[in-house]
Every structure is written in C-alpha cells, then in structure tokens.
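Visitor: I have a structure open and would like to learn how to read it. Could you walk me through some of its features?

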Amino acid sequence: MSVGRRIARGAAPACPFAAPFRAARGLLTSVRFAVAQIVVIAIIAVVGMTVRQLPGFAFRTDADYAAQMGLLRERYEPVLGRPLVDLMERLGLFAVFTTWWFTALLVLLAASIVVCTLDRLPRLWRQASEIRVVQPEPFYDPSLPERAAMTGVSAEDAAGVLRRRRFHVRSAVVDGVTYLYGDRNRLPKLATLLTHAGLVLFLVAAAVSGRFGFEEGLLIAQGEAVPVERLGTPGNIVLKNEGFAAPRLPDGRFADFSTDLAVYRDGALIARKVIRVNDPLDVAGYSFHQNFFGPAVDLAIRATDGGVLWDGWVPLDAVSADRPYGRLSVPGRDVGLELLLDRKAGAPALVAIVGSQRTGTDPDGSPHFDALFVGGVEPGGTLAPSAADFTIELRSVGAYTGIVAKRDPGLGLVWLAFGLLIVGLVLTFYLPRRRVWLRVDRAGELRLAWASDRYVPVRRELGGLLTDLVAIRVDPGPRPAATATAAAAVAEPAAAAAAAAEMRAASPGSPSGSAAG
Amino acid sequence: MLKMSEYSFIAAILSVALAIVFYAVAVVSVRVQRGRAAVAAGGAATFDGGTSVAVTSGSSTFGTYGTLVAWLSFAFLLASLTFRTIATGHGPFANMYEFSISFATGIIGVYLFFERRYHQRILGLIVLPIALLMLLYATTIPATADPLVPALQNNLLLTVHVAVAIVAYGTFSVSFAAAVLYLLQSYGVPRLPRAELLDEISYRAVVIGFPFMTLVIILGAVWANVAWGSYWSWDPKETASLVTWLIYGAYLHARVVRGWRGNRAAWLLVVGFGATLFTYFGNLFFGGLHSYSGLN
C-alpha cells in the first residue's frame, strides 16, 4: 500500500458500522458458519422428528392445547418426569417448527444465502462476462495441467472441431498468431444464482403464507353447513356437506373417502363437487381439501319441559381409551357431555355419555367438574338421567368429514421458488461450463489450454476433444504412431490422444478444472 | 403375475449374493496379484486406481462374472417390479415391501452405471451388500398386494415421486461406498483405488443425486398440496428428507465453494447416507403422513 493511500485512508472519517459490517459479512460468508447452521437445523429437525409434536389444531384454543398437551404429558412424564417435560414445553420442544428461535435460524440461513450469493455475484459475473480470447504465451505452457500441443491442425479446422463440440468460438489474430476461444455453457455458470434465489424465495413464500394465508380445518357432519371464516367476514363462504362416503375394502380398511361438497356465497351456490384426497375443489380463491373424517353422533337434547336444547350432530374428533370421543356443552345448561363411541363389528353401536357440572375451581385455577350422571344409549334410544332436567336421544351414528379450507397467497411464490431451485440445480450440475483456448502460431504449432467447472469429467471431455483434433490432423511427417493411436483413442481417448498429439504436457487426468483465465 | 414377481425377487436375491462372492474373489485375487507384483518389483510397484481394480489378468474373470451376475440381478429386480406393477395396476411403491425392492433396484442400477464409468468393482463390495440387506429386509415384511390407500391414489405423482427418490438414494449409496473406501484408505488400508478417484466418484454421485433429491422434495410438496392442502407440514418423513438434503447441500457447498476434500468431506457423506437411511426407515418409528408402509 502506498503512502499516499495510507494518508488518504487515515484522513477519511471512520464509519462506525464498518467493523461490525465486515464481521457480519465475514460470518455470513463463512462456509464453516454455513455448515454449522445446517448442522444445528438438522439436529433440531431430528429433535422435532423424535419428540412427538403438538398437532396444528392444538393451537386453535386453550382447551385444545391443554387437551393435546395432556396427551403428550401422559406419554412423556412417566419416562422423563414432570420437571423435564415442563422444561421441554417451555423451550417449545413439542412445537419445534413453530418456535420463534427455529424461525430465527431459518431467517439467519436465508441471510447467509443472500450474503454468500451477493458476495460471489461479482466474481461469477466477471467470469461469465469477461472473455479474453488472447492469452499470454505462458498461459499455454504445456507443463501446466490440462494443456496440450500438436502440429498439423489449422486454426479453421480446430474452430470447426470446437463448434461441432458445441463451443461458441471467438477468434483473434495478433502478429500472425491465431487465437481461438471456445466457450460452452457460459451463462449457465450463473445458474447458481437461480438456485439460491429459489431458496430465499421459498422462505419468503413461507413467510407470506404464514402471514397472509388462511387455513382452517372444518368438521362438517352429514347435511350440515359451516362458514369458512369467522361469522361476519364480508363475502364469507359457507360449505355444506351434501354427502360423505367412506367405502371399505373386504379387509375393513377404507378404500376411499369423499365428500359431496357444496359451496355457497351470499346464499347462492357457487360450486359443487365430490372431493377426495387427491382431488380438491378450487373456488373463489380458496381450495378445499378432503383431509380427514371421523364418526359423529346425531343427538336431540330436550328439556323436561319440552324445549329443544340441541338438535344436530356432534363430531367425535378426539380419542380416549382407543375409542372415538367428543364433548358438547349443553346449551342453556351448566352441563358438559362427554361422548364415547363403542362400536364392535356385528353389534349395535353404543354411546357412553358422561354428564358433568362445574362445581368450582381447582387450586391450579382450572375449573372443577363433578359427574352428574353416566349412561349408555344405542341408536334410536333415549337417555333420561334423573340427575338432569333434560333427555338425550341418540338418533343415529354417522360420520363427519374433515375439510381443510385454504387460501394461500404465497403458493405462487412457492412454485416459482421450486422452479428456480430445480432449474438452477439442473443447469449448474448438468450444464457445467467448459472453456478452451487455442493458439496457432505462424509455424503451425497448436497449443491448447482447458478450463472447466468441477462437475466436468475432464479426462473424458478433453480427451475427446484431443481425439477429434488428432483425427483432422494433416500430418506432414512419417508418424506411424499417430494413426494407430487415434483409433485407440476411442477406448482411452485422453491417453491415446495425448500420445498421438505429442502432448508435451501433463495428462488431463486431473479431476478438477484449473482456475486458468 | 404376483408369483412371477416373487420368483424374480428370489432369483434377484440369489444373484446379488453370487455377485458379491464374485466381486470379493476378484478383488482379493487382484490384491494378492498386486502384492506379488510389488514384491517382485522390489516394492516399487504402485497401483493406478485410474484403471480397473478387476485387472485384465486371470482374476478379471471373476470380476466379469460378478458384473454379469450383478446385471442379471438388476434384470431380475426389474422383472419383479414389472410383474408386480402389472398385477397391482400401480407403480411398485405403495408399501415398504415394494419400496424396499425398488430401493435395492435403484442402488444396483446406479452402481452398475458407475461401474461402467469408473471400472471400480471394489465399490460393489460395499454397495451390493447394502442392496442385499434391503432385499433380505423385504423378505421379512408383508408382501401382500393391497389396493392403494386413499392418500396414494395418484398414480402419476406416486410413480414419479418415488422413482426419483430411488435414483437419489441409489446415488447416495454409491457416494457412501466411495467415501467409506476413501476413509479406509486414509486409515491405512492398502491397495485401494486412488484417493482422488474415490473422492471424485463420491462427488459425482452426489452431483447426480442431489438434483434428484431436490426433485423428490419438490414433488412431495406438490403432492402434499394437492392431497392435504399443505405443501409442507413438518411431517417426520418430510423433515428427514429435508435434513438429508441439507447435509448433501452442505457437502456440495463445502466441496465446490471452499474446496473441502479428504476425510471431512468423506465423513459428511457417511453422515448423509445415515440420514438417507433415516429418511427411508423413519416413518416406521415416527408415524406421520407417510404412515402407509403397511407396517405401522
């Protein structure tokens, strides 16, 4: 560094952010840091796979969360103990992929990708855009790797060989020396930018989906209708289950399940379709997917004075004692019902009903319930508990359908990201760049220098090129070996061509491209 | 047709085992010959791993037999899968039994591709036993040809998604084998192929496999979006495949951008193959959306 520059630098006002910026850049472009990030994310992902995670619907309400977390506690507390399970819950290990710190790691990874890509961009652009047809003589030194020399090949013929090998050829003549430059897959070199843009775009799309998207699991019993979004939402859509079918195979497994789904907006039918798992309905910016199903019971609850308290289906969307289980708060009464379906092949279904009443609050603040009554009822039967002022008629046992309603403004970005990702990878790995420089001097000696990406099998490709050059060679002198070795080159092109072309250079067997040029 | 499929499957098991024997004899005899050559040359003989391990001398006969029998096993496996496809009416990827046979087919197919290209039969001594174990595993699980469960009733995506996965897993098996040989050599096992060649083979296998693995994940996301309305659910199998993808992505970055080679890169490939197996078997242990293996 010159004195003048030192003075100039010393005189410039120091940017207070320069050092932290450099440090951050250094960190984000460090391959060790990138690998460390990936390892950490991988370890967390393994934790998320091995530790049972809370399902998405656990976060709908506090009650759902408590119920699902209770199931996890039943599973883990006997093994790990309550303090450790409490700690795991606080750390978010039962919902790893929705924790803020996991999201922060993904954001950090995206930042690394962006900074790394920006860091490499000038060099990549330079490599793709700056083309030097004429290289200094030492560049062609046959003692360097991936160099060759031969006689008897004219510049025009050599250019023809390059073109046949799909090189884009440029030429220049300087002081009677002809220089050829062949470039193949010049622009795909930049494809790595597409790959990395795809990765970042995918994370952006996920953020857009999470922030602006809508997803709701809807349980709709036979013949019932439910709004897709909250009541009062302008232009809200209502779904009606016009019929659900789940035919079984002879072995008892379900062969298929489908819902005849009607979609209404402002009271008008706008779409109707039988949807199944791999055949959703797209309408009005939403997609409706057949996602799950389960049993439901059709109940009529009547007060002893004759008034109707409940008339409709209750989905049994949980499991207790390996049986379908559901709950219902009796409208107008401070009573909750727990419903457990016991269904055995060849026997009528039986629904066990437990009625509970809130009688106080437990020390931990949760409501305390006491059982009012316990009973069982078959389809068509009525339970009339003496401890309650209502009767429960079980009209029938059927099924509810589980529909996922989704509106995802990030979906287009996701597909674009996937497209960029795969196109970038294919171009990068399957269309790697090859460059070759040829110099034919006035005496007719041809010298060749090769450079390619690491993905290129140099031995085969450079060998093939040399074989082609040997094949068009006009040999002025008696060189019996040339003809024989040219034929042999088919079997071992690099070695044979090297011998035939009087390669005075190192063999092209090196697997990696040189950084020449 | 199912019987034909089973017969072909059994023939494939026997032929893979036989190929392993031939390869073992060929590789051992080559090592013995080279050892003798080294002694005869006063210890000056060196092994050029750039040419075939199953050299052109008498020992190559076993190598050639091994290759022929390996091709035969590949043909038997293809026949088994074809017969099963005809019998069931869908691609042979619907349960663990079918996928295990497909996985072994992919491993052997990719290995044979690399054998033709690099002439390193010693790789077969690691790759083929993996395929054999996969086939033996398939014999322990139910082989019933059941109708597709509703989630899998998408013949196009089922076929493409899993077929692409098989290619990816096969290439990762080859990269694992080359990495293991690399590590063995670095820990002093003599007369193995050149370290640079092993490094190149493992690298090229990943270069082929990584875009396929990417496509597996993308096709899975597309399918999940069609089937369940969510392109990503952090399902255990999804997550395991993402972890596998990240490991191989880290390997490529470390090697291409920063020139990582040697033992570090080889260990990364070993870990990557562990993740591949974890992805393959993970749904047996963790359930999730991919719980249609027939074993859950």
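Visitor: What share of the contacts in chain B with a separation of 6 or more comes from residues 24 or more positions apart?

Guide: The idea is to ask how far apart in sequence two touching residues lie. In this predicted model, residues 24 or more positions apart account for 81% of those contacts in chain B.

Visitor: How is chain B divided into domains?

Guide: The domain assignment gives domain 1 (1-147) and domain 2 (148-296). To read how they meet, look at contacts and buried area. In chain B, 39 residues of domain 1 are in contact with 41 residues of domain 2. About 3300 Å² is buried between these two domains, with carbon and sulfur atoms giving 78% of it.

Visitor: Which residues have the most contacts inside the largest nonpolar core?

Guide: That core has 141 residues, and A:Phe94, B:Leu128 and B:Trp245 have the most contacts inside it. Helix H6 of chain B (residues 195-228) gives the most to this core, 19 residues. Domain 1 and domain 2 of chain B each supply at least three residues. For a close-up, pick A:Phe94: leaving aside neighbours within four places in sequence, its contacts include A:Val51, A:Leu54, A:Met69, A:Leu72 and A:Tyr76.

Visitor: How much area do chain A and chain B bury between them?

Guide: About 4500 Å², 66% of it on carbon and sulfur atoms. On the chain A side, A:Met49, A:Asn278 and A:Arg454 lose the most area to chain B, together 16% of what that side buries. As for contacts, 51 residues of chain A meet 52 residues of chain B.

Visitor: Is A:Glu229 buried or exposed, and what does its side chain contact?

Guide: Relative accessibility is the value to check. A:Glu229 counts as buried because its value is 16%, under the 20% cut-off. This residue is in the loop between strands E5 (225-227) and E6 (237-245) of chain A. The side chain of A:Glu229 makes polar contacts with the side chains of A:Tyr286, at 2.2 Å, and A:Arg407, at 3.0 Å. Beyond four places in sequence, A:Glu229 also touches A:Phe214 and A:Asn236.

Visitor: Where is A:Glu137 found?

Guide: Look in the loop between helix H6 (100-129) and strand E1 (147-151) of chain A. A:Glu137 is partly exposed, at 47% relative accessible area. From A:Glu137 to A:Gly336 is 199 residues in sequence and 92 Å in space, C-alpha to C-alpha.

Note on methods
Residues numbered from 1 in each chain as written. Chains lettered and ligands numbered in written order. Predicted model: local features only at pLDDT ≥ 70, side-chain atom pairs only at ≥ 80, totals over all residues. Heavy atoms only, no water. Core = buried A, V, L, I, M, F, W, Y, C linked by side-chain atoms within 4.5 Å. Buried < 20%, exposed > 50% of the residue type's maximum accessible area, 1.4 Å probe, protein only. Helix = DSSP H or I, 4+ residues; strand = E, 2+ residues; numbered from the N terminus. Domains from an automatic or database assignment. Contact = heavy atoms within 4.5 Å. Buried area = accessible area lost by both parts, 1.4 Å probe. Polar contact = N/O pair within 3.5 Å; in protein donor to acceptor, adjacent residues only side chain to side chain.
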